[in-house]
Amino acid sequence: MMGSALEIRESIRSGRASAVEVCQATLTRIEALNPVLNAFHSVEAERALARAAGLDARRAEDGHLPLFGVPVA
């Protein structure tokens, strides 16, 4: 499911993926790689998923925004 920011945004905008699905995939990747990379001090998974759910609810209104639904750390 990962790709460039543009690919992720277009997947969400078109409905091929939801922001929650993208967020979950990102959290899974962080969980797998962070023990080696130590790139994140803390991860607020529940907060990120709640925000993604809110984005999904507003996709029709805000889906045109440049980074709509794209995970950013």
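**Pocket and helix pair**

Modeller: Helix H2 (19–37) and helix H3 (45–57) each contribute at least two residues to the lining of the largest pocket; helices are DSSP runs (H or I, at least four residues), numbered from the N terminus. This is a predicted model, where local features need pLDDT of at least 70, side-chain atom pairs count only at pLDDT 80 or more, and totals for chains, interfaces and linings use all residues. Residues are numbered from 1 along each chain as its sequence is written, and side-chain values use heavy atoms, leaving out hydrogens and water.

Colleague: How much space lies in the largest pocket?

Modeller: About 850 Å³. Of its 29 lining residues, Thr26, Ala48, Pro71, Val72 and Ala73 are the closest to the centre. A pocket here is an open set of points on a 1 Å grid over the protein atoms alone, where a 1.4 Å probe fits, with protein on both sides within 12 Å along at least five of seven lines; lining residues have an atom within 4 Å of a point.

Colleague: Which helix gives the most to that lining?

Modeller: H2, with ten residues.

Colleague: Turning to the packing, at what angle do the axes of H2 and H3 cross?

Modeller: At roughly 155 degrees, and the axes come within 8 Å. That makes H2 roughly antiparallel to H3, a term for angles over 145 degrees. Axes are lines fitted to C-alpha atoms over the stretch in contact, with angles from 0 to 180 degrees between N-to-C directions.

Colleague: Which residues in H2 meet H3?

Modeller: Ala19, Val20, Cys23, Gln24 and Leu27. Their partners in H3 include Ala48, Leu49 and Asp56, contact meaning heavy atoms within 4.5 Å.

Note on methods
Points joined across faces, edges and corners; volume = space filled by probe spheres on them. Parallel < 35°, antiparallel > 145°, perpendicular 65-115°, else oblique.
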